[in-house]
Amino acid sequence: MNATIFPEKKKHYPVLINEIISIITPQYGGTFIDCTFGQGGYTKRILEYPKTKVIALDRDPESIKISSTLEKKFGKRFYFKNKKFSFLEKMELDKEDINSIIFDLGYSHTQIKDMNKGLSFNSHGDLNMKMGINDFSAKDVIHKLDKNELEKVFKFFGEEKDSKKIASKIIKNREKKKIDTQELVRIIKSSKKTKYYKIHVATKIFQSLRIFVNKEISELIFGLINATKILKPGGKIVVVTFHSLEDKIVKFFFKSLSEKRSISRYMPKINEEDNLFKIINRKPIIPSNKELEENVLSRSAKLRFAIKEKNVLNFEKEILKKFNYLLEIENFSRKL
Ligand SMILES: C[S@@+](CC[C@H](N)C(=O)[O-])C[C@H]1O[C@@H](n2cnc3c(N)ncnc32)[C@H](O)[C@@H]1O
């Protein structure tokens, strides 16, 4: 489920990097946007090609340090902003000729190892899960959402089948004392009948809280929408996902905008030329056996990409309608 990976101590493995390079073809030069700079794995590789320029974003202030070494090395060819990628449209990029926009979703190994961020169920102390530029923490979510809201977050963002039971136990326990990271793990364990799991028993609940705290659903949806608006026709959007909910959103976005559509079922389908995207690979690209051998943690990665054919107005309606139920759950945060 986690993203960029460092199984050995020093080596950094940007996931599916060779596949990404062969899709975006930086050898021909151009401007690329790396929406999830992280340790700069993708950016550094693109900048190895002399006629390229990279605009990079990351929400985590920790990325600023790495970005400043690249700024020194590459000067005007590299520009970094400590912003969320939903901010893309507000960056005055209209004069840029954007070739490709890349998203490597989720969190990095460095972030999960940072115990202050509390992304791991091995962390101690207060619940947190903020990746950067956040309004509230997992502690607020666990202590302030009501039972029904917690249950929905766990069920829809984590696909946790014991959501109801876990939400009830949280409500009972939080009346007695503050719930910290290890107390939450204990509550989850005590809600489960079986003691044997393929993945850690708290994985799904922690995933759901991370998605909620970082508003990852609206980030992804508006990230895709805004990327589409600023990309030049012929340009590509490339997305690496790490869990089924992310992949479902990306798949629907590309697929629904690349198929013959009709305005209503009584109207003829519109021409293929009216499609916004062209998809080359229907199936997602996954890591090769060689990559899996070197970096086993890349096993859940899925890469999808689409080529923008033309500018189309109001294309965002469909995706907003389809995933409105998830955006409504994310809106529970209004009271935090
Ligand atoms: C998997 S890592 C990217 C690693 C990068 N590709 C590399 O090779 O070093 C994901 C990064 O995306 C950042 N991130 C996640 N959601 C974001 C968002 N909505 N806006 C900006 N950055 C985000 C995280 O802070 C993290 O650094």
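Colleague: Let's start with Gln182: is it buried, partly exposed or exposed, and why?

Modeller: Keep in mind that this is a predicted model. Gln182 counts as partly exposed because it has 15 C-beta neighbours inside 10 Å; being buried would take 20 or more, and being exposed 12 or fewer.

Colleague: OK, and which helix is Gln182 in?

Modeller: Gln182 belongs to helix H8, which covers residues 181-190.

Colleague: Let's zoom out. How is the protein divided into domains?

Modeller: There's domain 1, made of 17-110 + 216-310, and domain 2, which is 135-213. Their centres, taken over C-alpha atoms, are 31 Å apart.

Colleague: And how many helices and strands are there?

Modeller: The protein has 14 helices and seven strands. Its radius of gyration is 21 Å, close to the 20 Å that the globule rule gives for 336 residues, so the protein is as compact as a globular protein of that length.

Colleague: What share of the residues is buried?

Modeller: Buried residues account for 44% of the 336.

Colleague: Then what's in the largest nonpolar core?

Modeller: That core has 81 residues, and the ones touching the most other members are Ile101, Ile102, Leu209, Ile237, Val238 and Val240. Domain 1 and domain 2 each contribute at least three residues to this core.

Colleague: Take Leu209 from that list. What does Leu209 touch?

Modeller: Leaving out residues up to four places away in sequence, Leu209 touches Met129, Ala138 and Val141.

Colleague: What about strand S5, is it enclosed or open?

Modeller: Largely enclosed by the rest of the structure, because six of the six residues of S5 are buried. One side of S5 has Lys236, Val238 and Val240, the other has Ile237, Val239 and Thr241, and both faces are covered.

Colleague: Switching to helices: which residues are buried in H11?

Modeller: Leu245, Glu246, Asp247, Ile249, Val250, Phe253 and Phe254 are buried there. The cover over the buried residues of H11 includes helix H6, helix H10, strand S5, strand S6, strand S7 and helix H13.

Colleague: How far does H11 reach?

Modeller: Its 13 residues, 244-256, reach 18 Å from the first C-alpha to the last, close to the 18 Å expected at 1.5 Å a residue.

Colleague: Last topic, the loops. What's the phi of Ile133?

Modeller: Ile133 has a positive phi of about 55 degrees, although it is not a glycine. Ile133 sits in the loop between helix H4 and helix H5. Asn314, in the loop between S7 and H13, also has a positive phi, near 55 degrees.

Notes. Residues are numbered from 1 along each chain as its sequence is written. This is a predicted model: local features need pLDDT of at least 70, side-chain atom pairs count only at pLDDT 80 or more; totals for chains, interfaces and linings use all residues. Domain bounds come from an automatic or database domain assignment. Helices (H or I, at least four residues) and strands (E, at least two) are DSSP runs, numbered from the N terminus. The radius of gyration is taken over C-alpha atoms; the globule rule is 2.2 Å times the number of residues to the power 0.38. The expected span of a helix is 1.5 Å times one less than its number of residues. Two residues are in contact if their C-beta atoms, placed from the backbone, lie within 7 Å. A nonpolar core is a set of buried Ala, Val, Leu, Ile, Met, Phe, Trp, Tyr and Cys residues joined through C-beta atoms within 7 Å.
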